[in-house]
Amino acid sequence: MPPDRDGDEERPRRPQRLSAPRAMRSAAQQLEGLLGRAPESVSAVRPTDDGWEAEVEVLELERIPETTSVMASYRVTLDKDGELMAYERIRRYTRGQIDRRG
């Protein structure tokens, strides 16, 4: 191994885990590339054994008034490097709808 700046041998580096903010950006950007629609927000992100899972909110159908526009939640699965492995639409709702799930 080549010596580091202090003259000591460099230690092998552990692969760094992707941070939550980077996972959020990666999920939103890659989903936008597939759907051709810009995400409105990332409503959840959580680590998994194999990488990350995120829920991304997307405007699917714009209507007037805006509160009647159709939104969708997508579950996006990323590997440990932040690459999109899978996605699925898990919910459709109008923008003005109150979430009664929680």
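Helices (H or I, at least four residues) and strands (E, at least two) are taken here as DSSP runs, numbered from the N terminus. The model is predicted, and local features are accordingly reported at pLDDT of at least 70 and side-chain atom pairs at pLDDT 80 or more, whereas totals for chains, interfaces and linings use all residues. Residues are numbered from 1 along each chain as its sequence is written, and side-chain values use heavy atoms, with hydrogens and water left out.

The secondary structure of the protein consists of 1 helix and 4 strands, which follow one another along the sequence in the pattern α-β-β-β-β. Of the 102 residues, 27% are buried, where buried denotes under 20% relative accessible area, exposed over 50%, and partly exposed the range in between (1.4 Å probe, protein chains only). Among contacts (heavy atoms within 4.5 Å) between residues at least 6 apart in sequence, 37% join residues at least 24 apart.

The 4 strands form an open sheet in the order β1-β2-β3-β4, with antiparallel pairing, two strands being counted as paired if DSSP finds at least two bridges between them. The edge strands are β1 (39–47) and β4 (84–94), each of which pairs on one side only. Neighbouring strands of this sheet are turned by 20° against each other on average, direction ignored; axes are lines fitted to C-alpha atoms, for helices over the stretch in contact, and angles run from 0 to 180 degrees between N-to-C directions. Helix α1 (residues 20–35) packs on the sheet and touches β1, β2, β3 and β4, its direction making about 120° with that of β3.

Strands β1 and β2 run antiparallel and are joined by 7 bridges, with V42 having V56 of β2 as its bridge partner; the hairpin that connects β1 to β2 passes through 3 residues. Within strand β2 (residues 51–61), E55 has 13% relative accessibility and therefore counts as buried. Not counting residues up to four places away in sequence, E55 touches S41, V42, S43, A44, R46, Y74 and I90. E40, which lies in strand β1, counts as partly exposed at 42% relative accessibility. With the same exclusion of residues up to four places away in sequence, E40 touches E57, V58, L59, M71 and R95; E40 and L59 are 19 residues apart in sequence, and their C-alpha atoms are 6.7 Å apart in space.

The loop between β2 and β3 contains P65, and the peptide bond from I64 to P65 is cis, with omega near 0°. In general, most residues other than glycine have a negative phi, and most peptide bonds are trans.

Strand β3 (residues 70–79) pairs with β4 in the antiparallel sense over 9 bridges. L78 has L84 in β4 as its bridge partner, and M71 stands opposite Y93 in β4. The hairpin formed by β3 and β4 has 4 residues between the strands, and G82 in its turn has a positive phi of about 90°.

The structure holds 1 aromatic pair, under the criterion that rings of Phe, Tyr and Trp (its six-membered ring) pair if their centres lie within 6.5 Å, with planes under 30 degrees apart counted as stacked, over 60 as edge-to-face and the rest as tilted. The rings of Y74 and Y87 have centres 6.1 Å apart and planes at 45°, so the pair is tilted. The pair links distant parts of the chain, with Y74 in strand β3 and Y87 in strand β4, 13 residues apart. Y74 counts as buried at 5% relative accessibility, while Y87 counts as partly exposed at 37%. A further ring is involved in a charge placement: R91 lies over the face of Y93, at 4.1 Å from the ring centre, where a charge is taken to sit over a ring if NZ of Lys or CZ of Arg is within 6 Å of the ring centre and within 35 degrees of the ring normal.
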